[in-house]
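This report takes up the pairing of charged side chains and the exposure of the residues that take part.

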Amino acid sequence: MEFTAKQENGVLMLSLNGDLIGENSGSGILEAANEAINKGVILCLVDIEHVKYINSSGIGVLITLLTKFRNQSGEVAIVKPSEHVKKLLIITKLTAIFKIADSHEDAIAILNS
């Protein structure tokens with residue numbers, strides 16, 4: 001799995017590509033989050049449009065991200081989940097704790113509300 005991280009207007013934007021299965025990329029994602037939080041960023045947008053599969057370790061990475069940002073009074077929005085990933089989020093009831101958006105613009109609006 002590959003990911004990119006950038007900060008824009010006080011929001012950490014993570015774009016994930018591949019299967020989110022925890023492995024080595026999970027620690028890199030969390031490290032990018034820690035660096036942003038240390039710079040005062042408390043909002044995170046996670047674009048998972050190109051993620052086709054998430055296992056329990058990958059869900060753990062997303063929950064850890066959410067916990068890190070909420071501990072700073074921040075928030076995380078998940079953007080553009082595929083139908084398969086969306087079903088997984090519904091089955092695991094993670095739609096109750098994550099903000100889900102269909103576009104970056106919607107996610108930014110959710111994060112800033």
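Exposure is classed here by relative accessible area, where buried means under 20%, exposed means over 50%, and partly exposed covers the values in between, computed with a 1.4 Å probe on protein chains only. The model is predicted, so that local features need pLDDT of at least 70 and side-chain atom pairs count only at pLDDT 80 or more, while totals for chains, interfaces and linings use all residues. Residues are numbered from 1 along each chain as its sequence is written, and side-chain values use heavy atoms, with hydrogens and water left out.

Side chains of opposite charge can pair when their charged atoms come close. A search of the whole structure finds five salt bridges, a salt bridge being a side-chain nitrogen of Lys or Arg within 4 Å of a carboxyl oxygen of Asp or Glu.

| Pair | N to O distance |
|---|---|
| Lys6 and Glu8 | 3.6 Å |
| Arg70 and Glu75 | 3.0 Å |
| Lys86 and Glu83 | 4.0 Å |

In the pair of Lys6 and Glu8, Lys6 is partly exposed at 48% relative accessible area, and Glu8 is likewise partly exposed, at 36%. For the bridge between Arg70 and Glu75, Arg70 is partly exposed at 35%, whereas Glu75 counts as buried at 14%.

Lys86 and Glu83 lie three residues apart in helix α3 (residues 83-91) and are therefore separated by about one helical turn, a helix being a DSSP run of H or I with at least four residues, numbered from the N terminus. Lys86 is partly exposed at 26%, while Glu83 is exposed at 53%.

Beyond these pairs, a network of salt bridges links Asp47, Glu49 and Lys80.

Notes:
Helix = DSSP H or I, 4+ residues; strand = E, 2+ residues; numbered from the N terminus.
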